[in-house]
Amino acid sequence: MAADKKVLMAMFMKMQEDVLKFIPENERPDVTDLVGFGSQQFLNPKVTECKGYRFPPPFSAETVEWQYDNWTPTDKDVLVASYPKTGTTWTTQIVKSVIYKDDENMMALMKVITPNISYLESGTPKNYDIMLKLPWKRKIWGTHLPAPLINMERLKKNRCKIIYVMRNPKDQVVSWFNMNKNMPFNKTEEMAKHFPAEWNAFFETLVNGKQPVHSKEGEWYPDHILSWYPYRNDDNVLFLMYEEMKKDPAKEIKKIADFLGVKRSDEEIGELVEATSFQSMKKEASKPMSQMSFFRKGKVADWKNQLTVAQSELMDEKFNEKLSGIDIKFTYE
Ligand code: A3P
């Protein structure tokens, strides 16, 4: 076995073991295939496709399809859905803390569950064995899938709670660029074509819908919003905005707690604001999460340091065109 493959296998095995520790030994699923799959994705990253949607690693079309047919959450489950770099990790941490704040054992579990296990479309369906066997009363899932790739009818019927978080698209683009610059997958020639390391080329591929981001050819962030928008008033769905969370985190955290049916006093909300602040989360972040720019600046309006006037205007034009019929207003300042 090549040395780098061995290192990767060891890294993935450690990630799995950290989570598996929470499952009684005689019930632990065998994760050998999952570890092999994760390592292979790093060594030979490939875009996969189903129903015309394209997925970058570490996501997998096969898992997307399996999920649609089989994943059956209950009214105890929470799904945090978003387009990448719009505040997914932050929102997820709020959800985890709102629910499990007082449970040391569960908070320890929350720390080691990474997106490569908890995202609906990550890895292989074996992830679901792990997620289902973990001893948590309320499971917290994540996804970047557009709504048509999730069985929304089943989720609604089972009263699974869904939080969809959005962010102004200019800050999203800049955050996404910075993440992709550090993404180990993008080192191959094929992947670098999709996600160029140079800013202007990156911007062009993105706004022209050339990047495979859980999207069909020609689609990007506005299409993701359009796919979720019809569900915004459903009882089991809550729409949030990154900029609103920045402006008044206590108010938004309270909104999340109420939505999840968890009673939290004002004092507890204050503690949650502190525990989920950018500074606290950055300090507590695991090495891989930090290295992959999950906690970079955490600000509104960083786009002004990156986009040219022409690029900013082009985004306005494209967003206005695609979202003209819907009632979503972004905050850019
Ligand atoms: P920047 O790159 O602009 O700093 P996601 O979790 O969807 O990948 O989003 C990542 C973005 O959310 C990054 O934005 C990151 O810094 C920011 N972020 C993460 N935790 C945050 C927090 N607690 N408060 C505010 N922003 C946060």
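L43 sits in helix 2 (residues 32–43), where helices are DSSP runs of H or I with at least four residues, strands are DSSP runs of E with at least two, and both are numbered from the N terminus. L43 counts as exposed because it has 11 other C-beta atoms within 10 Å. The scale works like this: 20 or more other C-beta atoms within 10 Å of a residue's own make it buried, 12 or fewer make it exposed, anything in between is partly exposed, and the C-beta atoms are placed from the backbone. Along the chain, L43 and P184 are 141 residues apart, yet their C-alpha atoms are separated by 9.4 Å.

A word on what you're looking at. This is a predicted model, in which local features need pLDDT of at least 70 and side-chain atom pairs count only at pLDDT 80 or more, while totals for chains, interfaces and linings use all residues. Residues are numbered from 1 along each chain as its sequence is written.

Now take a look at helix 4, which runs over residues 88–100. Its 13 residues reach 18 Å from first C-alpha to last, close to the 18 Å expected at 1.5 Å a residue; the expected span is 1.5 Å times one less than the number of residues. Helix 4 is mostly covered, with 12 of its 13 residues buried. Among them are T88, W90, K96 and Y100.

Which residues come nearest to the ligand? Of the 22 around it, they are T88, T89, S175, R296 and G298; to be near, a residue needs its C-beta atom, placed from the backbone, within 6 Å of the molecule. The elements giving two or more residues to this shell are helix 4, helix 9 (169–181) and helix 16 (278–284). By class, the shell holds six nonpolar, 11 polar and five charged residues. Here Ala, Val, Leu, Ile, Met, Phe, Trp, Tyr, Cys and Pro count as nonpolar, Asp, Glu, Lys and Arg as charged, and the others, Gly among them, as polar.

Next, follow helix 4 to its packing partner. Helix 4 and helix 14 (residues 249–260) pack at an angle of about 60 degrees, with their axes 10 Å apart. That angle makes helix 4 oblique to helix 14. Axes are lines fitted to C-alpha atoms, for helices over the stretch in contact, and angles run from 0 to 180 degrees between N-to-C directions. Angles under 35 degrees count as roughly parallel, over 145 as roughly antiparallel, 65 to 115 as roughly perpendicular and the rest as oblique.

Helix 14 meets helix 15 (residues 266–275) too: their axes come within 9 Å and cross at roughly 110 degrees. So helix 14 is roughly perpendicular to helix 15.

D102 is exposed, because it has 9 other C-beta atoms within 10 Å. D102 and M191 are 89 residues apart in sequence and 43 Å apart in space, C-alpha to C-alpha.

The peptide bond from P57 to P58 is cis, with omega near 15 degrees, and P58 is in the loop between strand 2 (53–55) and helix 3 (61–70). H214 has a positive phi of about 55 degrees although it is not a glycine. Is H214 buried or exposed? With 23 C-beta neighbours inside 10 Å, H214 is buried.
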